[in-house]
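Visitor: I'd like a close look at just one part of this model. Could you take me through it slowly?

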Amino acid sequence: FGLSEDAVAAIDSQLAEMRQATRLLEIFSHYCNLGERRVTEVMNARKFHRFVNDAGLVGRNLPTASVDVVWAMAASERSDRGRSTITCSQFFEAIGGLATRKFLTDDIEAAVKQLLARYATPLLRNILCERESKKQSMVRISFNRG
């Protein structure tokens, strides 16, 4: 198509950002739905902490107290019926806060890329495998009944 190397690099960068956002959206939706199928647009603190723990983020560089601070900062703009919740965009902001604390850097973009590669992508793989396994179990159950 005759695109310059810079244009191709810019397109590749945009595609990578879209893949990252899609992964985070999938994770956000999964944790919003835990135990409450009708809740798809907001996440509460319990589910946020579950995500952080499931991803294996808590550790020496990211103690639970830091996770609490990130949550409080993300949820400070929103209160839903007296309960603290965050939207998807606030979840994305919280990911940046977790990443910069986990990797001890102010470079949010690099930290988020590391967090996605080391923690979020493997977690998403597990979520998707679990989901597929449940679907296959449901198919087997329906065949056994029929």
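Visitor: Let's settle on α4: how many residues does α4 have, and how far does α4 reach from its first C-alpha to its last?

Guide: Happy to, and bear in mind that this is a predicted model. Helix α4 covers residues 88-102. It has 15 residues and reaches 21 Å from its first C-alpha to its last, close to the 21 Å expected at 1.5 Å a residue.

Now for its surroundings. With "buried" meaning under 20% relative accessible area, 11 of the 15 residues of α4 are buried, so the helix is largely enclosed by the rest of the structure. Among them are Cys88, Phe91 and Ile95, along with Gly96, Gly97 and Lys102.

One partner to look at is helix α1, residues 5-33. The two helices pack at an angle of about 110°, their axes 10 Å apart, and are therefore roughly perpendicular to each other. The crossing of α1 past α4 is right-handed. On the α4 side, the contact uses Cys88, Phe91, Phe92 and Ile95, which meet Ala21, Leu24, Leu25, Ile27 and Phe28 of α1. Sort that contact by class and you get nine nonpolar residues, no polar and no charged.

Follow the chain out of the helix and there's one more thing to spot: just after α4, Leu104 takes a positive phi of about 50°.

Terms used. Residues numbered from 1 in each chain as written. Predicted model: local features only at pLDDT ≥ 70, side-chain atom pairs only at ≥ 80, totals over all residues. Heavy atoms only, no water. Axes fitted to C-alpha atoms, helices over the stretch in contact; angles between N-to-C directions. Helix = DSSP H or I, 4+ residues; strand = E, 2+ residues; numbered from the N terminus. Parallel < 35°, antiparallel > 145°, perpendicular 65-115°, else oblique. Left-handed = near helix turned anticlockwise from the far one by under 90°. Contact = heavy atoms within 4.5 Å. Nonpolar A, V, L, I, M, F, W, Y, C, P; charged D, E, K, R; others polar. Expected span 1.5 Å × (residues − 1). Buried < 20%, exposed > 50% of the residue type's maximum accessible area, 1.4 Å probe, protein only.
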